[in-house]
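Look at the structure first, then read on.

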Amino acid sequence: MSTDVRAGTVRTNVPARLDRLPWSRWHWMIVIGLGTVWILDGLEVTIVGNLSGKLAEPGSGLDITQSQVTGLAAALYVAGACTGALFFGWLTDRFGRKKLFLLTLGLYLVATALTALSFDTWWFFLFRFLTGMGIGGEYAAINSAIDELIPARHRGRIDIIINGTFWLGAAVGALLTVPLLNGLPSNLGWRVAFGVGAVLGVVILLVRRHVPESPRWLFIHGRADEANQLVDSVEAEVKRETGAELTEADSWIEVRQRRSTNFVEIARTLFARYPKRAVLGFSLFIGQAFLYNAITFGFAQILQTFFDVPTGNAGYYFAVIAVGNLLGPLLLGRLFDSVGRVPMIAGSYLGSGVLLLGTAWLFHAGVLNAVTMTACWCAVLFFASAGASAAYLTVSEIFPMETRAMAIAFFYAIGTAAGGITGPLLFAKLVGSGQVGDTVLAFAIGASVMIIGGLVELVLGVRAEGKSLEDLATPLSAEHAGVPAQRDGGAGTPAPATGAAG
């Protein structure tokens with residue numbers, strides 16, 4: 001018997017049963033059904049940035065300027081992402097992972113399709129905001145669901161690789177915009193680009209319907225029998241596929257079931273119980289946001305201003321940069337589980353920061369051309385992409401389950417705001433000046449903030465590799481059921497195990 005329920009308290013080994021499963025087709029369904037949304041996000045951001053000139057052309061169907069596309073519309077998308085992350089993150093913890101990852105993808109799909117049908121600037125701005133809301137909500141719902149469904153020994157690499165697929169979408173978007181910029185009429189190309197995003201959203205929605213609710217969320221929210229039945233069916237499926245005999249899961253946890261967690265308790269958990277982890281989350285998200293904006297904001301302008309690259313060909317260079325970003329998580333992801341979180345996260349942050357400083361020095365010395373500059377950016381972002389993906393992994397696994405989606409949403413919103421508001425305001429002025437020294441300063445600022453994030457990881461990082469989520473952060477409901485509360489420990493120290501062996 002795997003669950004014992006008494007007077008609203010449940011004693012269960014569901015987390016241990018999920019963590020000891022061998023990898024199977026069922027896990028691939030989770031990865032494909034949930035992880036592909038990052039491709040859409042990368043596609044969205046890249047298409048809009050690269051099509052800004054086409055949208056501003058006479059005859060595009062919209063009376064809009066290029067600065068409005070890259071300025072106001074981009075800011076509204078960022079504001080929508082921050083709003084969506086916080087609002088849907090709260091709903092995800094309250095009403096479940098599955099309801100929300102279907103709702104947020106549906107919102108993205110509808111808003112993107114209606115963007116393609118824009119007939120006026122206000123319509124375009126409105127649905128850019130709503131598209132951002134859908135994408136922001138996805139980050140909270142998807143990261144929490146993935147971490148709670150993937151076995152602990154695979155959680156690091158899978159989460160990092162999935163987050164890194166943003167850059168697959170960016171590469172596709174960059175290449176897609178080249179024929180759209182050069183081959184289709186002004187009033188059609190940008191509409192087709194947004195339509196492609198909506199079609200991909202439909203395909204993903206069809207796959208995602210089969211992804212189950214998180215059993216961890218179910219047993220805490222009074223649905224222990226449903227959680228058990230779900231894990232029973234998954235175990236049976238894995239046994240049929242792999243032929244493996246599953247060992248007994250003898251790690252148990254006792255929690256008091258609850259329906260919701262209020263904002264006061266969420267804030268107290270993040271900032272009073274885990275202040276060091278909150279500082280860690282801030283540092284990682286803001287560091288990667290500044291480094292990325294130092295490179296990607298105005299990259300086309302840098303190529304055009306300093307290396308005479310035509311605007312219509314910038315997509316090819318961005319596709320190369322995107323491939324470098326994608327390869328980092330793909331090739332380094334497994335090391336975050338084997339070598340460990342702290343050395344890999346710190347190494348990727350420090351390494352990318354130092355490489356960007358080196359790029360700034362070479363650029364200032366005048367020894368780079370468009371190709372070698374792009375190669376330097378690729379080297380920087382190979383490491384930065386793995387680190388940035390690990391930032392999402394970190395905040396999704398070091399806080400209690402009842403606050404997990406909201407924690408992801410909060411730090412995502414902070415990082416997105418820093419990258420999408422503060423970053424452009426700072427770097428637009430520096431890069432836009434057309435002076436080599438100002439662009440070097442932009443690189444130096446991005447690199448320095450990234451290096452600070454790496455140093456914070458060395459001091460405050462949590463050794464989470466291979467550990468159950470419940471071992472990393474005691475569920476709030478477990479404390480109420482009589483399990484001692486866990487708070488911030490020393491640097492790099494994981495949480496004590498929860499529950500007793502049964």
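## Helices α17 and α18

Helix α17 (residues 341-365) and helix α18 (residues 370-397) have axes that come within 8 Å and cross at roughly 150°. Helices here are DSSP runs (H or I, at least four residues), numbered from the N terminus. Axes are lines fitted to C-alpha atoms, for helices over the stretch in contact, and angles run from 0 to 180 degrees between N-to-C directions. The angle makes α17 roughly antiparallel to α18. Angles over 145 degrees count as roughly antiparallel, under 35 as roughly parallel, 65 to 115 as roughly perpendicular and the rest as oblique.

The crossing of α17 and α18 is left-handed. Left-handed means that the near helix is turned anticlockwise from the far one by less than a right angle; clockwise would be right-handed. The contact of α17 with α18 has 18 nonpolar, 5 polar and 2 charged residues. Ala, Val, Leu, Ile, Met, Phe, Trp, Tyr, Cys and Pro count as nonpolar, Asp, Glu, Lys and Arg as charged, and the others, Gly among them, as polar.

## About the model

This is a predicted model, where local features need pLDDT of at least 70 and side-chain atom pairs count only at pLDDT 80 or more, while totals for chains, interfaces and linings use all residues. Residues are numbered from 1 along each chain as its sequence is written, and side-chain values use heavy atoms, with hydrogens and water left out.

Find T359 in helix α17. Is T359 buried or exposed? T359 counts as buried because its relative accessibility is 3%. Buried means under 20% relative accessible area, exposed over 50%, and partly exposed in between (1.4 Å probe, protein chains only). Which residues does T359 contact, leaving aside its neighbours within four places in sequence? They are L368, M373, C376, W377 and V380. Contact means heavy atoms within 4.5 Å.

Now find G195 in helix α9 (residues 189-208). G195 is partly exposed, with a relative accessible area of 22%. G195 and T112 are 83 residues apart in sequence, yet their C-alpha atoms are 7.2 Å apart in space.

## Two more helix pairs

Two packed helices are described by the angle between their axes and the distance between the axes. Helix α7 (residues 152-164) packs with α18 at an angle of about 125°, with the axes 8 Å apart. α7 and α18 are therefore oblique to each other. Their crossing is right-handed. From α7, the contact uses R155, G156, D159, I160, N163 and G164. From α18, it uses A386, S389, A390, Y392, L393, S396 and E397. By class, that gives 5 nonpolar, 5 polar and 3 charged residues.

Helix α13 (residues 275-296) and helix α20 (residues 436-460) have axes that come within 8 Å and cross at roughly 155°. That makes α13 roughly antiparallel to α20. α13 passes α20 in a left-handed crossing. The α13 residues in contact include V279, L280, L284 and F290. Among those they meet in α20 are F443, I445, V449 and M450. This contact has 15 nonpolar, 5 polar and 2 charged residues.

## Salt bridges

Side chains of opposite charge can pair when their charged atoms come close. A salt bridge is a side-chain nitrogen of Lys or Arg within 4 Å of a carboxyl oxygen of Asp or Glu. How many salt bridges are there by this rule? The count comes to 14. R17 pairs with D232, with the closest N and O atoms 2.5 Å apart. R17 is in helix α1 (residues 14-19) and D232 in helix α11 (residues 224-242), 215 residues apart. R17 is buried at 5% relative accessible area, whereas D232 is partly exposed at 40%.

R97 and E148 also meet in a salt bridge, at 2.6 Å from N to O. R97 lies in helix α5 (residues 97-116) and E148 in helix α6 (residues 121-149), 51 residues apart. R97 counts as buried at 0%, and E148 is buried at 0%. R216 forms a salt bridge with E470, with the closest N and O atoms 2.8 Å apart. R216 is in helix α10 (residues 215-220) and E470 in helix α21 (residues 469-472), 254 residues apart. R216 is buried at 1%, and E470 is buried at 5%. Finally, R155, R157, D337, R341 and E397 are linked in a network of salt bridges.

Key:
Helices (H or I, at least four residues) and strands (E, at least two) are DSSP runs, numbered from the N terminus.
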